[in-house]
Amino acid sequence: MALTEVYLHAFLPRRVRIILWFITAIVLFLIIMPCLYLFIWCFWGTEVIGLLRSPGDPSIQWVRELLEDPSWQSAFSYSLLLSIGVSIAGTALVAGQNYISRFLPRRLDSFTFWLMIFVTLNPLIAYSLSMRYTGNILVLPEWVILAAGHLVIVVPLQYLIFEAAREKLPRDLLWAGQTLGARHWANFRHVFLPNSQLAVWGAIVVGFFVSFDEVVVAAFVIESSHLTVPLKLWRGLSQVVKPEPAVVAVFMLSTLILAEAIHYRALFASDKLPRRAFKDILAGLWQETVAFAVSSAVAWFALSPGGTGLLGVSFKIFGSALVGFLSGLIVGMFKARGPIYDILGTANAEDGEVRSVPRFFSFEGISDYVDKADALRGGGWVEMNLEDISRISRVCFARARGRRYIGTDRHVPSKFYKLYPHYLGLQLERELASNDVRIVLYNEHDLAEDSLASPDLTRRFVASHVGVGVLLLSVSWETAERIAQRVRLPSPDFGLFGGQFVLFFDPPQSEEPGCIKLRHVDGQLQEMLETFLLELVENANEVVIQDGLPVFRRLLPETRDAYKVSLSALRWRRA
Amino acid sequence: MRSIQRVLTVALGLAPIILIVGLFVLPLLIWMGGAHVQALSRVSTGSLYLSLITKTVLLSSLAALLAVLMATSVAFLHAFSGVHVRHALNSLIMIPLLVGFLARNYAWLGLLRSMAGSGGSINLYRLIGSLLLYNNRGVVLVMATVFIPFSYFIVLQGFSSLRPEMYEAARTLGASDLRAHMVVTLPIIMRSVILAFGLCGVLALGYFVTPKMIGGGQHDFIGNGVLTLLNKLGDSAGASLLALYLFGTAILPMVLLAWYSVHRRTLLLGD
């Protein structure tokens, strides 16, 4: 604490301090309570404003609805494009002016300051009407008037940000650069910009959010069906209001956190993070967001206000690509919040404890094995002991059994799926005190009506068989697709759910009563399945038939021998 | 070549002025000219203005006053606290700015509706909701909460002028701490408080979102009148005239406040 702060701190009487704390608490309550309500409203809201769901029943229904609605996609696209363009243009303009003003008379600086304050104070209603009126007279496109209006609102605020940071960069530094022969552009690039990074970043962020949130100019200028997000919210005001404003607020907050994380490189700061982890995350992000990005781009292209000439079409194409990329990135980050949380979370692992197993990306040893496997290029063997196999198995598959995680784990490298039999044995031993791997078979007519009545019931049905080992479902293609979608398997053929295999297959043909035919299994899954079944047979000490179905007993080897593991094939044998 | 460079350099230095003149002043002048031509045929707009201006100025001033009082209390605590409390207060005050203006108004609407609609016998929760929802009290309170962060950061700059030597001198001269604050603190921060009040009040004149949402259409400002004339009645000429009256009402405070801000630049930007 600085000396000045200590001294000032000592001059406030205790009674006055208590009263001030009381008032401050009330003030903070008044300003933060609506923000908390927005979060609650986003996930617990109903179609009627003021009416909430029960506390134990959150939903991302409104987030999904809003992000999948083409009209909202178009509005988001429009607002994003406008805000980014206005923010960057305004920042460039003000940064240049702030630099040059150091070389111009001070009176000009004072007049500019006065003008910026004057513009900030003006009633936006009057200004918006003037823009609408002038735009109609000059026959300007709507988006041009809107961009100009936003620029006039944003530039004074950005100017004040640069002015507040003025003292941090004395003009002597810039004059020194010129004296030593640097031209203005070199001076700007090498002296001004590096020392004004915070101001530049602040101006971009403030400009973006002020422009994105601007409703007054949009309300008066926009007469077509191309709405910005705030205008869409404003026109949606009625007795029945879905939690769309809350979703937008959560979206804005997420965007800001993303922007700050990028700025402070939070995602890249950890030295413990292997690069492979990011490749996996990016691969997952790409799959998740391509569909939304494409649909956003298509919606923008169809509804965007660009013209029909070459310039207009170029603008539309460029706008579509940019909007698609940004929309996909933002939605992808939202959907990847789970893995991101995992990466940023700390690992508190105790060996032998399934639920507190080290998170995959913080397990440093895995990368060594993966590198060795890559180096083998399909041949050769790598020596692993049983503890390592056990450890990798737990790490790879523990997430599939986590309470909140339902469905397959696409981030686990496919190589390690082949360790699944060993993992399964560990789990069964731990949780069921048994080494038996059972296969349970259900035909279509065996499935109860109510188990397919709703997604929740379907998930409960599949979850009730967790710990068995293999769930075989002989059902029609339509039923297989429905179940796979509800429990989020990667395909309606085969997948992992809750740590066990779920397999869909066609009913056996009469001429081949003992055979089951899989519909379609892609290369990776086929390899995984074959290896799993082979290992199941090879490592079982005993196979018995119960109720017409095989039970593989004593999956785990009893001795702790060293194993040689071919990571390209991930088979193991006793050394 | 040098003359071209010189021209470009000066143009870049004047860029914000050129931008404001081209995109702000010119459209306003064009619009004013057009509105003036139609003014001769519009008598009812004047009476609409007179009926709305009193409520607009009164509620705006109350909201600005409430915001400044609350912000000053928080800023007072900030100035006389340690570094951790300061950082915490700054972070908490910033939170509302991150979620958007419209969203905050919707949140207040939802909160007040759920409070007013809560079942059971009359209780404090329901009473507060009933008192604030669709009422000018609610309009003032919500507008005040919107302005608090803005006023806070302006008033805070006034506190940065305080020095511990001033209070030591006051104590040496026999003054109590309370008297020292009355004589030292209040006069120093008064300029920033007045500036914050003026800025918030002028900005509030043009508000229409909060009066519409929280006031329920019963406590309209001039901005709501402009919107009604434009969107519901299709009377763009009347809307322009009403907006022109609003601009005329606000222009003198705008000029004075801008001039005052230039002379008290540190009150806005800090040391």
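This is a predicted model: local features need pLDDT of at least 70, side-chain atom pairs count only at pLDDT 80 or more; totals for chains, interfaces and linings use all residues.
## The interface

Let's start where the two chains meet. Chain A brings 86 residues to the contact, and chain B brings 90. The size of an interface is often given as the accessible area lost when the parts come together. Between chain B and chain A, about 8300 Å² is buried, with 82% of that area coming from carbon and sulfur atoms. On the side of chain B that touches chain A, helix α12 (residues 236-263) gives the most, with 14 residues. That side of chain B is made up of 65 nonpolar, 16 polar and nine charged residues.

## Aromatic pairs

Over all chains, the structure holds 25 aromatic pairs. In one of them, the ring centres of F76(B) and F80(B) lie 5.3 Å apart with their planes at 25 degrees, so this pair is stacked. Both F76(B) and F80(B) are buried.

A second example is Y152(B) with F153(B), an edge-to-face pair with 5.1 Å from centre to centre and 75 degrees between the planes. Y152(B) counts as buried because its relative accessibility is 0%, whereas F153(B), with a relative accessible area of 27%, is partly exposed.

## An aromatic cluster in chain A

Chain A has its own group to look at: Y99(A), F103(A), W185(A), F188(A) and F192(A) together form one aromatic cluster.

Technical notes: Residues are numbered from 1 along each chain as its sequence is written. Chains are lettered from A and ligands numbered from 1 in the order in which they are written. Side-chain values use heavy atoms; hydrogens and water are left out. Contact means heavy atoms within 4.5 Å. Buried area is the accessible area (1.4 Å probe) that two parts lose on being put together, summed over both. Helices (H or I, at least four residues) and strands (E, at least two) are DSSP runs, numbered from the N terminus. Ala, Val, Leu, Ile, Met, Phe, Trp, Tyr, Cys and Pro count as nonpolar, Asp, Glu, Lys and Arg as charged, and the others, Gly among them, as polar. Rings of Phe, Tyr and Trp (its six-membered ring) pair if their centres lie within 6.5 Å; planes under 30 degrees apart count as stacked, over 60 as edge-to-face and the rest as tilted. Buried means under 20% relative accessible area, exposed over 50%, partly exposed in between (1.4 Å probe, protein chains only).
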